[in-house]
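Open your viewer and get ready to click along. At each stop you will find something to select and a short note on what is there.

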Amino acid sequence: MDRAAVDELRLESMRRSVRLLYERNRQRGHAAWCDRDYDFVCPSSVTYPFQWFWDSCFHAIALSHLDTARAESEIAGLLANQQPDGFIAHVTFWQREAYLDRLSSYAIAYRTPYISDCIQPPLLAEAVMAVAARGRGAAYLREVLPAVRRYYDWLRDVRDPDRDGLIAVLQADETGLDHSPKFDAELGLSGDVGDDYTAAWHRVADPYAEVGRDPARMFALDRFIDEDVMINTIYAENQRVLGELLAQVGERDAAADFAARATRTKDALVAKCWDPEAGLFWDLAGLDEHPLRTSTITSLFPLLLPDLDAAIAARLVTQLEDPATYAAPWPVPSVSRAEPSFRPGRAGDDLVWRGATWVNTNWYLARGLRRHGRPDLARRIEDATAALIERWGFREYYDALTGEGHGAPDFSWSAVILDLLEARSTEDAVSRVREEPAAGGS
Ligand code: GLC
C-alpha cells in the first residue's frame, strides 16, 4: 500500500475513535444558575467534568471535522458567561451541584461560584477560525467576532499593564502548564516529588484574595507574574488570526489593528525573550522581568509563528532534532531531557508537565515545523502521536521514553491529532493534483 492509502486508513479510524470519545465525554443539560442550555465536551468524565477554556478550544477544532453544529455549541459555551469587561473564565462549572464532593479538593480561584477567576492560553480565535471555515463561514463570524474581540481587548487592557505587547499570567495554573519545573524556584519549590503544590498555590492566591483579586493590585503585589513564552506565542498567533477573520467580514480597520498587535507581540518575544546563546526563548518573571532559564517545550513555541526569523526558527529545529534535548523516542517531551527536573512519564502524584509528551503541544509544534519548511520532521511527530493514541488510547499525556499513556483516561484534547491528520491529507491531495496535472486526460 502506498503512503497516501495508509494515511487515509489511519485517518478514517481516528475519525471513528474521536466520534465515540466525544459521545462519551459529551455534557448536555440546562443550567438553572444562568438559565441556559449547555452542550460541550468535558476534558475527561472521570477527572474533569466541567468546561475548561483551552481544552474546549481544542475540542471545537477537533469537532469542526465531525459536526460543526456541536463545534459551535462548544464555543457558545465559552462565550455564554463572558463577563461585561470581556473576561472569559478558565473553568465554567455548569453542573456544579452534581460534583460538590470533587470541588472541595480543587485549588481554584472563583469569580462566582460557577466560573473561575483565571485565564488559560488564549486560542479562542484559532478555534473560531476552524469552526467558521468548515461551517457557516462569514455568517458565523459576524455572530461571534464582537465577543471574541472584547476578549482579546481585555487581555491587552488588563494583562499587559506595561504595554510591551506581552501579556502576563498571575498564577501558574493560568498557563495551563500547572506543575512545569520552570516555576519551581518562583514558587519556592525544590523540585522533589514531595513538594506541596497546594501550599504553593495558596502562597500566591491568598494575598490576591486579600486585595479582592483586583488585577492592578495583584500585579503590584509581585507574587507571581509570568510573561510566558507559550501564552504569548499563542496570543500573537491568535491576534494574527483574528485580524484575518475581521478582514473576512470587511472590518478593515480592526483587521489592521489586530495584525499590528500580532506583530508587536512577536517582536517583543524576539526582543525580550530570545536568548541567542542558548538558542531558546525564556519566560520573563516578576516586575523586574527576570528570565526563567529552564528549558521546557514553551522555549520552542515561537516556531509556530509564520513570520519568525528563519535563522531563529532553524535554531529551534536543531533542538527538536537533538536527542540530548527534545528528540525523545516519543516526541516532544514537555521538558528538555537535559534538565535535571526532566521526568519522562508520571511525576509524583498527579504532577503534570514535568517532561511527558502531550498531544496539544505536538499539534502546535508540528504545524510550526510545516510553516518553517520541515514537513519531514512534522510528519515524524504526527505519526508518533497517532501511534501513541492507537496503542494507549486518548490519554492526558504519554511517557516520552516508553510511550506509556498516563493521567486522565479518555482525555478529550488528545483528539486534536485529528486536525493534523486531516490537514496533511488535504495538503497531500493538493500536491498530488499539482504533480499530475495531466492525469485527468487534458
Ligand atoms: C490540567 C492541565 C490544564 C487543563 C486541565 C483540564 O489542569 O494542566 O492545562 O486545562 O487539566 O484538562
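## Stop one: where two domains meet

Across the interface of domain 1 and domain 2, the rule finds 2 salt bridges. Keep in mind as you look that this is a predicted model.

Now for a salt bridge: select Glu-126 and Arg-367 and show their side chains. These side chains meet in a salt bridge, with 3.2 Å from N to O.

How many residues of each domain are in contact? Domain 1 brings 19 residues, and they touch 17 residues of domain 2. The size of an interface is often given as the accessible area lost when the parts come together. Here, the area buried between domain 1 and domain 2 is about 1400 Å², and carbon and sulfur atoms give 64% of that.

## Stop two: a cis peptide bond

Next, select Pro-331 and Val-332 and look at the backbone between them. The peptide bond from Pro-331 to Val-332 is cis, with omega near 0°. Val-332 has its place in the loop between α11 (310–321) and α12 (359–371).

## Stop three: two arginines with positive phi

Select Arg-163, which you will find in the loop between α6 (137–159) and α7 (197–210). Arg-163 is not a glycine, yet its phi is positive, at about 50°.

Then move on to Arg-213, in the loop between α7 and α8 (215–221). Arg-213 also has a positive phi of about 50° without being a glycine.

Arg-213 counts as buried because its relative accessibility is 14%, and the cut-off for buried is under 20%.

## Stop four: a nonpolar patch

Together, Met-1, Val-6 and Leu-9 make a nonpolar surface patch of about 350 Å². Met-1 sits in the segment before α1 (3–24). With a relative accessible area of 76%, Met-1 is exposed.

Methods: Residues are numbered from 1 along each chain as its sequence is written. This is a predicted model: local features need pLDDT of at least 70, side-chain atom pairs count only at pLDDT 80 or more; totals for chains, interfaces and linings use all residues. Side-chain values use heavy atoms; hydrogens and water are left out. Patches are made of residues with over 30% relative accessible area and no salt bridge: like charges are joined within 9 Å, nonpolar side chains (Val, Leu, Ile, Met, Phe, Trp, Tyr) within 5 Å. Accessible areas come from the Shrake-Rupley method with a 1.4 Å probe; for residues, only the protein chains shown count as cover. A salt bridge is a side-chain nitrogen of Lys or Arg within 4 Å of a carboxyl oxygen of Asp or Glu. Helices (H or I, at least four residues) and strands (E, at least two) are DSSP runs, numbered from the N terminus. Buried means under 20% relative accessible area, exposed over 50%, partly exposed in between (1.4 Å probe, protein chains only). Contact means heavy atoms within 4.5 Å. Buried area is the accessible area (1.4 Å probe) that two parts lose on being put together, summed over both.
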